[in-house]
Amino acid sequence: MSSFYSESTFLALIILSVVLAAIAALLFGIKRHLTSMNQEKLGVEDEPSFYASKIKPVIDGWNPTIATLAIAGILLVVLGAFGYKFGMDEVGAQQGYAPTQPINFSHKIHAGQYEIDCKYCHSTVEKSKSASIPSLNTCMNCHKYVKADEKYNGKTSPEIQKIYNAIGFDGDNMEYIKDYKQKPIEWVRIHNLPDLAYFNHSQHVVVGKVECQTCHGPIQEMDKVEQFSTLQMGWCIDCHKERGIDSENNNYYEEVHKNMQAEGKDYITVAENGGLECSKCHY
Amino acid sequence: MSSNKYWKGVEELEQTQEFVTSNANEFSEGLPLEKVFANDDSTRANRRDFLKYFGFGLGAVTLAACNKTPVRKAIPYTEKPDNVTPGVPLYYASSSVSNAEGFPVLVKVREGRPIKFEPNKEASYFGGGLDGLGHSAILSLYDTNRLKGAMVAGKRKTVAWADFDKEVVSALSNVSASGKSIAVIKSGNTSLVTNQAITDFGAKYANVEVISYEPISYSGITRANNTAFGSAVIPAYNFQNADVVVSFGADFLGTWISPIKFHSDYSKNRVPKDGKMSKHYQFESLMSLTGANADVRVPMKMSNVGQHLIALYRELGGATAETGMEVAGNNIRQAAAELKAAGSRSLVVCGSNNEEDQLLVNAINVMLGNYGTTIDTTNYYKGQSADEASFNAFVESAEAGKYGAVITIDANPSYSNIEAAAAFAKIPTRISTSITLDETSEAATHIATGLHPLESWDIKEPYKGRFVLSQPTISPVFEGRHSASSLLAWSGVDVSDKDELSYAYAYTKSVFENTVDGDFNKAVENGLVEKISAVSVPSLNVTTGGIISDITSRKKTESELILYQKVGVRDGAYGNTPWAHEMPDPVSKVTWDNYLSVSMPDAKSNGWENGDVMSVSTSTGNIEIPVLIQPGQTKGTYGIALGYGRILPENVTNDLKDLGKNAYPLVNNKEGFADYILNGVTIEKVEGARQYEFGITQTHYSIEGRDIIREASLDAFRQDPKAGQHVHKPKPISLWDDYDYSKGHHWGMAIDLNACTGCSACIVSCSIENNVPIVGREEVRRRREMHWLRIDRYYSFEAPTKQDLNLSIVHGGDQTVEAGENMSKEKVMEAYSVATDSHDYYQNVQVAHQPMMCQHCDNAPCETVCPVLATTHSSEGLNQMTYNRCIGTKYCGNNCPYKVRRFNWFRFNENEKFDYHFSNDLGKMVINPDVTVRSRGVMEKCSFCVQRIQSAKLTAKRDNRKMKADEFTTACAQTCPSNAIVFGDLNDANSEISKLYKNDRSYHVLEELGVKPSVQYLTKIRNKTETTNQIAH
């Protein structure tokens, strides 16, 4: 695939199409010239074209200044709208970002097929701001035994072998190699928040009771993880405006709950509880 | 009572032209507008230039926007340690590293990186605070100048430890065989592990001599105690038991012995309770931090301290014919009367290093019965105790060729002792265990690079019977080795790690079991084991007659030079930690420099001005140094701070390179002890020298003499708890709609001006917690310091005493001023100037300190003017600053009445010009990951440590509980050794802050503006009675 679309081929194709286009233009020019010569010879009157008879008189009737301004205005609005949309949605947004990882780890197999709880590997999600990528010893809890060798003629799966190489495990003899110089796996970070925004997983998972999938999408169906949400501020705010806080079951919100009931409300949103204030996320 | 006129610096008081101009401007440098609008075509911007720049700008922005998002890596642990949760800090009990004392602290560790020291609140004996230098010292761990491993002279690269050890062992064996001695020079600190290793080492080699060395000597006290009581110790002082404190030149809140502990003890009696507070007399020559806090501060020449002590001794009933009164004056009588009344609840301390002075102090304290109450010689202080006599003897023997080898451990004598370097050069094998190239290790033949205290195990004993443990909080950054392990390796012990435990651990544990005993794991967890003995009262075994006649026969001189320590830098051992230098001196407000401090009368009579370069000559040497005029300083006295003029490695390129002048060579060792007071000093202006400009924050952010500080005398306070508060309070009409803060949290702060001493620990703590950049001397000169929290220091004139006024009548003046009245500057100056036109009145100033940070006004003026809503208000009463919205108009800074907003001029974390720590990979390790590192072009300011607020709230929510009162606090409040700052939830009836808000002393600064600040100050009460100045002759 990559060889076909190599740069030199692409360049050759461009040159070819330019040459062909030039030939085509030349041929059209000759044809038109020949036609007009023929008509001149035959003495046939030139029938006025559609443009000359119908459109040109209308345009001639326009005030040139107003016309220019109007056209420029329309262009500006269209381009501006496009630029605004582009700036808001595209610049810096990495929705759909799915880089190739050093190990072809499949969430579809682990979380989907085997239904391993997310929190088994992302064990700090309830305690810390980061859900954390599991350390290799977590992988080894299972992969000390699970080698997927049935698919590879009795040999350890090459992907699992990568774990063994990193942590220093001898898959054939089922033992750790002594004094092994361990090499950590360098995963490519998919979800990148700017440094100026503070996000805490435990806040959302434990206190807010948000499901992993709400932000990360159907992760259990992804062979290769991609960024599901835009992770833009507007996206955060939309959710904070919609979701209510669980004031009933959390003693921290005792006072909030009382005030809410006094006001005759069923629930209050995160936003109503101050969840849109700048310093809740920016400090 | 607040009729005092306050001023921040002499420039402000005298309204010099320079001050008036610079004060009127927002920035120290104006925009070069004249240049732009000049008719000179060469500099004028024209249409073509405009198009060029516009086009370039547009193109550059487009190009910059085309940048591809960088690929970021996420690298997890291969094997995660059980107790580490990425994103959650761990706290380890350990000991402080500065001043070699070893105070209990907590080390905050994120993902294996120590990022901050926090006080260990459970170690109540030590006060539960920390000073600025203590905080700053964490950077010594991430110092780019640290050595990477063992090194041999000549080679500037590391060698393998095995080869290194072989070489050292053969060198040491040769010394032993030749019959020469091996000198081990260690710091006077009390590391039990190092001490044991030295003992073990001494058992292996013949003729090992151990010499303790400290750059600053307190041997006057130890020698006096040895003479008087037969025990050569520095006692423990318990200021909390003293109702009357009289100090003669001892800066016990700033630099004397153990100021962090003294701070908290002292402040316990400084907040008036039931109309009572302690009384503090300070007799001193320079204006020290302690003097700035005294109720009665008396200018005195330090060379006359003996006369003062004699006078006090006699007034207290000591038998002597000498009065000393002609020198000491009336204040001694008054102090004596109050001391007598307080009896054993009093304390007299003295900063002199002369044994005779200290013997007299001992005699006075014995007469008052202070031993056993305020002075404890049983559980005495063990840090910084080294007798310079033993080091002087070492120098002499070294010159005579006695030693074949010298090993220095945690000591750097070549910097702080003028004779050390020459003596070292006479010894063929010189081994250092330093972690950086310092003055001593630079000249060493072998450097057995040690470990930073945060990387190693240790047991210290700052006070007898109080053991402080430290544990590694980071794996060694470089290939160093614990100095104890090095000594043992040379004694033939196998120091390699066994069972995955370091040798140092096993050795430390065995030392613990042999000396302290008890549960080692528990001790490591708590960081402190206390096994103190019942206090016994020593009996005085000395007659004062000889001492007194010796003192009276001392030669009197016109002028004296005092070598003192500055609060931020102390002895200079941690001079490579830039935070300590950026912290303004609590009194002079100078950053990054030492200077010749002179009194106003001397400056006026000689025509000296700030920044004039002076040549200072004493009997011990000569030094050229710029002048700084210090109000409050005694006429005829001069001061230079020690701890500066470090010779730092070549690769240091920033302000740390050229840091003041080294004054240690001036210390007088001729009398057999280190004398820091030099009599007979000549000072001449160096003609033609360029005027030196200090990086001084003193007059930055002036607030135009408004009613900001409020104070009252204790008498007035007793009669009226609201004393000092009776100022005209207008009822302002609000421009804003009121917001109801009664729901949820409402964060607030209270600052007790009585407890605050101005020590500035909070400034450094705040800077580290909030990633506040260090800007350096040059930027401070431009008034661009970034500190979110500053401490304003105000001077005001003390009222002249009856005595002064009588004097003036003698001089023919016609007085109408009442003595004892707090007076305006004009009145005081008028009163004094009748007596003399020598500006002597500048010796009698009183000082008030006021921490100032964002006041989080409910009606914040900054919020109103921000064009992009980058600063807004939260429902919890916080004034929020959103950096990513800020476009840097600085309108908010303009409109802030408290001048607490700081504009970030540079990208400090990427700019090599500011290579203090922020811009190098090693130094970046200290950055707090929970706080944004700000880029240039934004405003920033105190956030009330919102990251801590959010974190505490989240913990409560996760634990499914309500927040507890005072379960967390801000970085400044946490570190305050005197508990002057209290932070909390005003809506929580149980919180300390909500109680303090009801205190009669509380007021808001500039409340007449109606901005409703969330920071409340408590009126300063000085323990001065109206009769203070009227005690009969």
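In which sense, parallel or antiparallel, do strand β6 and strand β14 of chain B pair, and over how many bridges? In this predicted model, strand β6 (residues 181-187) of chain B and strand β14 (residues 403-409) of chain B pair in the parallel sense, and six bridges join them. Within this pairing, B:V184 can be found opposite B:I407, a residue of β14(B).

These two strands belong to an open sheet of chain B, in which six strands follow one another in the order β5-β16-β15-β14-β6-β7, with mixed pairing. At the edges of the sheet lie β5 (151-152) and β7 (208-213) of chain B, each of which pairs on one side only. A helix also belongs to this picture, for α15 (residues 388-399) of chain B packs on the sheet and touches β6, β7 and β14 of chain B, while its direction makes about 130° with that of β7(B).

From the sheet we can turn to a pair of helices. Helix α11 (residues 305-315) of chain B packs against helix α14 (residues 355-368) of chain B at an angle of about 20°, and their axes are 10 Å apart. Angles under 35 degrees count as roughly parallel, and α11(B) and α14(B) are therefore roughly parallel to each other. The crossing in which α11(B) passes α14(B) is left-handed.

Which residues bring α11(B) and α14(B) together? On the side of α11(B) they are B:V305, B:G306, B:L309, B:I310, B:L312 and B:Y313, and these meet B:E356, B:D357, B:L360, B:V361, B:A363 and B:I364 in α14(B). Sorted by class, the residues of this contact comprise nine nonpolar, one polar and two charged.

Key:
Residues numbered from 1 in each chain as written. Chains lettered and ligands numbered in written order. Predicted model: local features only at pLDDT ≥ 70, side-chain atom pairs only at ≥ 80, totals over all residues. Axes fitted to C-alpha atoms, helices over the stretch in contact; angles between N-to-C directions. Helix = DSSP H or I, 4+ residues; strand = E, 2+ residues; numbered from the N terminus. Parallel < 35°, antiparallel > 145°, perpendicular 65-115°, else oblique. Left-handed = near helix turned anticlockwise from the far one by under 90°. Contact = placed C-beta atoms within 7 Å. Nonpolar A, V, L, I, M, F, W, Y, C, P; charged D, E, K, R; others polar. Pairing = 2+ DSSP bridges.
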